[in-house]
Amino acid sequence: MDEADEGPWALAGAPVGRLGDTVRDRVARELRDRILTGRYRRDERLDLDAVAAELGVSRTPVREACLALQTEGLLRMAPRSGVTVIGLEPGEVVDNFRLMARLSGFAAELAAERMTAEELADLEASQEAMRSGDRLAEHNWRFHRDINRASRSRRLISLIAQTGRTIPRTFLEVFPEHVPCALDEHDELVAALRRRDGEGAREVTERHYAVPAELLSGHRGS
């Protein structure tokens with residue numbers, strides 16, 4: 001699965017492996033997610049040896065992952081002070097969700113025009129799988145990925161992938177109380193896509209991000 005195919009909330013790293021993944025890639029996704037959800041707080045120092053032991057990898061891919069996250073502005077590495085978390089301010093978290101809402105909303109609008117009957121059936125299957133409660137994050141990722149793919153816009157998909165790096169893939173695990181609302185919105189979105197209602201699909205998708213943005217911003221600011 002190509003990174004550009006990933007859907008919102010999972011773009012920081014799909015909960016399933018990807019062809020060509022390296023240990024560094026997997027470590028970077030895990031650390032990025034911890035920073036974005038506030039598990040690692042701003043100005044916190046990271047012990048690379050402790051992280052390596054926890055993740056069951058050597059120190060080298062952890063250091064390489066930290067270097068990658070430094071280029072994203074999430075970590076700072078210095079010879080004497082080690083690795084320090086920079087993270088995002090609560091306001092930046094909200095801005096990122098708003099940007100993702102606009103991009104994904106446009107993708108849903110295009111998908112309403114371009115999605116095939118087979119793709120709609122697959123989407124409904126993903127939604128049913130989510131309601132089973134098994135591998136929730138994975139099925140959520142596939143649900144949004146499939147809508148993005150159905151937009152048939154490579155440029156838009158690429159922008160979603162880039163922006164989605166700042167959307168934590170484990171959001172529904174951090175806020176399990178939001179799952180019922182998210183599933184109901186998925187139902188609304190599928191219904192709009194079936195009606196070929198592009199405006200409705202865009203509106204539901206944009207609303208889909210409003211509460212998560214505020215929840216995560218407040219969680220990180222607490």
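**Salt bridges and buried positions**

R194 is partly exposed, with a relative accessible area of 44%. In this predicted model, R194 joins E124 in a salt bridge. The total is 19 salt bridges, against a count of 0 disulfides.

**Salt bridge E124–R194**

- The side chains of E124 and R194 come to 2.8 Å, N to O.
- E124 sits in helix α5 and R194 in helix α9 (residues 179-194), so this bridge ties together parts that are 70 residues apart in sequence.
- E124 has a relative accessibility of 29%, so E124 counts as partly exposed.
- R194, at 44%, is partly exposed as well.

**Salt bridge R32–E72**

- R32 pairs with E72, and their closest N and O atoms are 2.8 Å apart.
- R32 belongs to helix α1 (residues 23-36), while E72 is in the loop between α3 (59-71) and β2 (75-78), so the bridge links parts that are 40 residues apart in sequence.
- R32 is buried, at 3% relative accessibility.
- E72 is partly exposed, with a relative accessible area of 34%.

**Salt bridge E203–R207**

- E203 and R207 form a salt bridge, with the closest N and O atoms 3.0 Å apart.
- Both residues lie in helix α10.
- They are 4 residues apart, about one turn of the helix.
- E203 is partly exposed, at 38% relative accessibility.
- R207 is partly exposed too, at 30%.

**A linked network**

- Salt bridges also join E30, R34, R39 and E54 into a network.

**Cysteines**

- The disulfide count is 0.
- C66 is buried, at 0% relative accessibility.
- C181 is partly exposed, with a relative accessible area of 33%.
- A pair of cysteine sulfur atoms must come within 2.5 Å to count as a disulfide, and the count of such pairs here is 0.

**Helix α10 and V204**

- The buried residues of α10 are G198, G200, A201, V204, T205 and H208.
- Viewed down the axis of α10, these buried residues fall within an arc of 165°, so they line one face of the helix.
- V204 is found in α10, which spans residues 198-208.
- V204 has a relative accessible area of 5%, under the 20% cut-off, so V204 counts as buried.
- Leaving aside residues up to four places away in sequence, V204 touches E185, E188 and L189.
- V204 and A101 are 103 residues apart along the chain, and their C-alpha atoms are separated by 9.7 Å.

**Q127 in helix α5**

- Q127 is in helix α5 (residues 117-131).
- E124, the salt-bridge partner of R194, also lies in α5.
- Q127 is buried, with a relative accessible area of 2%, whereas E124 is partly exposed at 29%.
- The contacts of Q127 are F143, L183, H186 and D187, not counting residues up to four places away in sequence.

Definitions and conventions
Residues numbered from 1 in each chain as written. Predicted model: local features only at pLDDT ≥ 70, side-chain atom pairs only at ≥ 80, totals over all residues. Heavy atoms only, no water. Helix = DSSP H or I, 4+ residues; strand = E, 2+ residues; numbered from the N terminus. Buried < 20%, exposed > 50% of the residue type's maximum accessible area, 1.4 Å probe, protein only. Contact = heavy atoms within 4.5 Å. Arc of directions from axis to C-beta. Salt bridge = Lys/Arg side-chain N within 4 Å of Asp/Glu carboxyl O.
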